[in-house]
Amino acid sequence: MTSKSFNPFEMAQSQFDSVARSLELDEGTRQLLRHPLREFSFAIPVRMDDGKVQVFRGFRVQHNDARGPCKGGIRFHPLETLDTVRALSMWMTWKCAIADIPLGGAKGGVVCDPHNLSMREQELVCRGWVRQLAKNLGPTVDIPAPDVMTSAQHMLWILDEFEAIYGERLPGTITGKPVGMGGSLGRTEATGFGVVFTLREALNQLGIRVKDTTASVQGFGNVAQYAVRLYQQIGGTVTCVSSWDQQDQTSYAFRKRDGVDVDQLLAVTDRFGGIDKGRAKELGYEVLPGDEWLAQPVDILIPAAMENQITGDNVGRISTQVKVIAEGANGPTAPEADAALARANVFLIPDFLANAGGVVCSYFEQVQSNMNYFWAKDDVLGRLDLKMTSAFVAVSDLATRRKISMRDAAYMIAIDRVAKACRDRGWV
Amino acid sequence: MTKLSPDEVPRFTREFFGGGECFSRIGEGELGGKARGLVFIKNTIESEIAAGRFPGVTVDIPTTTVIATGVFDAFVERNGLAALATSDTPDDRIALAFQAGEMPVEVVGDLRALVEQVHTPLAVRSSSLLEDAMFRPFAGVYQTKMIPNNQPDPNVRFRRLLEAIKFVYASVYSRRARSYLRTCDRSIADEKMAVIIQEVVGERHDRRFYPDLSGVGRSYNFYPTGGATPDEGVVNLALGLGKTIVDGGVTWSYSPAHPGAPPPFGSASDLLRNTQSEFWAVNMGDAPEYDPVAETEYLVKSDLHAAEMDDTLRWTASTYDGQRDRVVMGTGVDGPRVLTFAPLLEMHDLPFQDVVSALLDASGRAFGAAVEFEFAALLPRERGAPLRIAFLQVRPMVVSEAEVSIEDDELASPALLLASDRVMGNGADDTIRDVVFVRPERFEARDTRAIAGELERLNLRLLDEGRRYLLIGFGRWGSSDPWLGIPVAWGDICGAGAIVEATLPSMNVELSQGSHFFHNITSFQVSYLAVRHDRQPNIDWDWLRAQTLVEETEHVCHVRSASPLRIKVDGRSGRGAIWHA
């Protein structure tokens with residue numbers, strides 16, 4: 001475990017403290033919610049392919065389950081820290097609460113680099129992780145999902161080990177499973193589509209017709225691709241996307257003023273979301289430096305790649321034409337940029353509202369898995385739209401009523417819901 | 001009626017009943033013909049039937065939202081269904097392929113929101129672009145589906161709504177629609193479908209949901225009787241859903257200028273036999289079987305006894321007095337009920353007739369042409385309760401002004417093929433040489449379904465060859481009951497330029513006179529002649545059999561005459577005839 005100067009858990013606690021003051025939460029509730037309910041830290045011994053035993057460190061942090069079983073991903077990362085997992089578990093609690101799904105927040109991880117592990121070794125890490133935690137997982141307790149450097153394959157190993165321990169089929173234990181193995185239709189699209197559902201509502205509230213708008217998107221991974229696709233389907237025009245170039249170890253922006261064609265770009269995109277710049281040029285795209293996505297003269301910006309992309313240093317490059325920012329990625333806007341955007345009257349849809357489509361659809365997957373009855377895709381996406389729209393309306397109403405930012409309003413609603421659940425249960 | 005811009009119609013705000021707008025749209029694109037008619041009638045109501053003109057009466061259109069044509073395009077494209085339009089895939093397989101398709105993500109949230117707040121029946125109707133562009137009716141070509149929408153689980157309601165929309169979508173690619181479009185010189189590639197989701201006007205009675213009456217008003221009457229004139233128009237009324245009228249079932253017909261005129265029946269017992277005895281309702285109970293590709297999946301037919309139990313006959317029924325062989329107005333005495341609508345039309349307690357006449361006038365003026373509209377009404381059960389008349393759709397009528405006369409000596413000509421004193425249409429034609437006729441010597445009522453199939457194939461071939469034809473068959477064309485006639489849809493016979501509906505001793509029924517295909521016949525100016533076997537002159541079967549045989553199937557012959565037939569139909573006098581020289 002490596003310690004870092006930036007401590008995400010301290011940041012999460014600081015955010016919580018600020019909202020707790022606004023909500024005038026009592027001291028007991030504050031103490032309960034600013035720390036996780038349960039933390040598991042354990043060793044996972046694995047016999048490696050060379051015959052030696054290596055011991056990995058695993059975590060699971062269950063921040064709060066007052067509103068329902070815990071939900072959160074499992075990360076495989078060499079720099080994983082318990083504090084990172086703590087912070088992420090807290091944010092999961094707020095994200096589930098703002099989406100108003102009956103789940104709490106959790107996060108887990110293993111300190112490892114999957115790039116250096118064979119598939120067999122990765123399988124043993126997954127199975128070892130479950131054996132340590134089996135008593136504290138399950139469809140009614142805590143439901144893991146894929147996250148950084150974990151995939152549907154890892155989830156199936158985890159599920160298989162869990163079911164072997166309990167001697168029954170319990171597909172609702174895990175989400176992110178492949179379709180046909182307990183996965184949900186619509187899960188792939190859910191996060192990107194969810195971003196656009198909230199964006200559509202924002203434009204509607206601002207009295208702007210989607211077909212009169214243009215957008216620039218950072219990233220061309222899963223979230224960005226589906227966000228671009230749906231936004232264009234409802235009439236908008238995306239003029240710029242950006243992507244990471246593995247070979248050059250830098251990012252590029254790809255601009256087409258009359259609108260990018262998702263299918264055309266996908267044909268020249270690798271599986272990590274990297275667009276081939278040579279072939280993109282042949283298709284008529286201008287290839288620009290990666291940070292140019294931010295400076296485009298568009299109405300909407302959708303950062304859908306990484307955290308900390310709009311900062312105090314570059315916020316001034318944003319065009320005065322921009323009216324809405326929809327945060328598809330987690331934490332793309334630094335606090336100082338947040339303040340500058342508010343001064344510029346830019347309507348910002350905060351990350352844990354805009355990108356909650358993923359966890360909402362994970363919840364749907366869990367419900368379907370528990371029933372062992374699976375819905376049609378239009379069923380899934382129809383429900384997703386309503387959930388996302390309702391969440392947006394609740395946040396926007398509060399922001400308007402209290403004259404606060406969308407981010408503050410979202411935090412207030414989420415934390416208030418969790419605090420109320422704790423009170424109702426008699427915990428505080 | 002000017003073209004309707006989609007921007008004139010507000011977006012659906014996810015509040016179907018409480019949103020302040022009774023007419024909204026979902027998605028991008030055009031809104032189609034029915035939607036345009038509805039906006040038109042809404043505007044007409046607002047301007048002509050101003051609040052207060054008819055106290056105690058609500059005149060409106062049912063709450064409606066239209067899924068624009070762009071959604072159909074996206075549905076077809078994203079589900080890879082376009083190839084079906086030119087394939088030989090049977091209609092039922094096309095319908096199933098559409099059912100398996102996914103609705104575009106842009107609209108599923110709106111549809112989900114709609115069913116989450118609405119628990120009463122919904123009608124899902126086609127509103128096609130060509131219908132709009134051509135002023136042509138697509139009745140009997142595209143589908144309509146009623147759904148009860150009363151299941152406690154919103155998931156079930158949502159699925160049923162999507163199934164109904166996909167069912168309507170699939171009808172664009174049906175063989176019958178493709179044939180029909182060819183008669184309009186259009187291809188399926190030109191067609192786009194909007195879908196109307198509309199509140200079903202009615203009330204729930206036990207497991208049935210229906211209006212007290214449905215009606216069709218026409219400002220031009222092709223069949224004037226008694227002292228009525230064509231320009232006075234005609235109104236057809238039926239108990240329950242309008243399907244009875246649209247399908248050409250038995251209805252009550254009257255002239256708005258003479259609502260109390262005695263009906264054209266020889267006796268009260270005739271009247272009893274020839275008035276509506278069954279009605280359609282939405283089935284609010286369990287559907288008999290799951291069948292998303294059946295139009296009538298959620299419809300139920302009931303008899304007048306059920307209606308009396310529901311207390312829906314108060315304004316619409318009279319009673320047959322068998323001892324005196326007369327009909328007594330109302331339901332105050334025991335006896336068989338007869339749907340004469342006399343309490344409504346003769347008693348003047350409700351301004352029903354005044355409102356309908358005012359609407360016929362107003363829409364005729366606004367269109368600048370003869371019009372036809374469908375409506376449904378809820379009649380008050382208590383004194384002082386409001387009367388509601390809701391307009392479901394409106395369209396212009398095609399009325400030929402040609403002067404045609406048929407002299408008596410023409411009817412005595414040896415070249416006479418057939419003659420009729422019950423016709424529909426108006427005009428003369430001397431271009432048709434092909435005759436498709438059901439073989440009288442082989443005709444049996446049990447074969448009518450097979451005959452319909454043979455006719456459909458012949459129709460397709462003649463369409464390919466670009467030949468219009470004279471069609472002769474027995475019983476009610478388009479009957480939903482195969483024992484009363486040949487159960488074709490309009491698309492199965494749409495290449496016919498003239499249609500003869502005849503009786504036989506073995507098929508001696510009251511003829512439909514074209515009512516099943518009223519819209520199509522009038523719109524395409526097809527001549528329609530009813531010929532009874534027991535009246536002279538009869539059809540000259542010998543001449544027909546002597547013509548060049550083009551094709552013969554088990555029940556149907558296709559022959560070709562060396563010279564064109566001469567067809568004359570005088571809509572004013574109701575007479576028509578066809579000569580072979």
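Let me start with strand β14 of chain B, residues 318–321, which is joined to β16(B) by two bridges, the two strands running antiparallel. At this pairing, B:S318 stands opposite B:V338 in β16(B). Keep in mind that this is a predicted model.

Those two strands belong to an open sheet of three strands in chain B, in the order β15-β14-β16, with antiparallel pairing. The edges of that sheet are β15, residues 326–329, and β16, residues 337–338, both of chain B, and each of them pairs on one side only.

Next, another sheet in chain B. This one is open too and has four strands, ordered β19-β29-β28-β21, again with antiparallel pairing. Which strands are at the edges? They are β19, residues 416–420, and β21, residues 427–429, of chain B, each pairing on one side only. On average, and ignoring direction, neighbouring strands of this sheet are turned by 5° against each other.

Opposite B:A419 you will find B:A577, in β29(B).

Now over to chain A, and two of its helices. Helix α1 covers residues 8–23 and helix α3 covers residues 82–98; their axes come within 7 Å and cross at roughly 30°. Angles under 35 degrees count as roughly parallel, so α1(A) is roughly parallel to α3(A).

Which residues meet there? From α1(A) there are A:P8, A:F9, A:M11 and A:A12. From α3(A) there are A:D83, A:T84, A:R86, A:A87, A:M90 and A:W91. Sorted by class, this contact of α1(A) with α3(A) has seven nonpolar residues, one polar and two charged.

Last topic: where the two chains touch. In this model, 16 residues of chain A are in contact with 14 residues of chain B. On the chain A side, the elements that give two or more residues are α6 (187–206), α7 (222–233) and α13 (377–402). Which of these has the largest share? That is α13(A), with nine residues. By class, the chain A side of this contact divides into seven nonpolar, four polar and five charged residues.

To recap the chain B part: a three-stranded open sheet with the order β15-β14-β16, and a four-stranded open sheet with the order β19-β29-β28-β21. In chain A, we looked at α1(A) lying roughly parallel to α3(A), and at α13(A) on the side that touches chain B.

Key. Residues are numbered from 1 along each chain as its sequence is written. Chains are lettered from A and ligands numbered from 1 in the order in which they are written. This is a predicted model: local features need pLDDT of at least 70, side-chain atom pairs count only at pLDDT 80 or more; totals for chains, interfaces and linings use all residues. Two residues are in contact if their C-beta atoms, placed from the backbone, lie within 7 Å. Ala, Val, Leu, Ile, Met, Phe, Trp, Tyr, Cys and Pro count as nonpolar, Asp, Glu, Lys and Arg as charged, and the others, Gly among them, as polar. Two strands pair if DSSP finds at least two bridges between them. Axes are lines fitted to C-alpha atoms, for helices over the stretch in contact, and angles run from 0 to 180 degrees between N-to-C directions. Angles under 35 degrees count as roughly parallel, over 145 as roughly antiparallel, 65 to 115 as roughly perpendicular and the rest as oblique.
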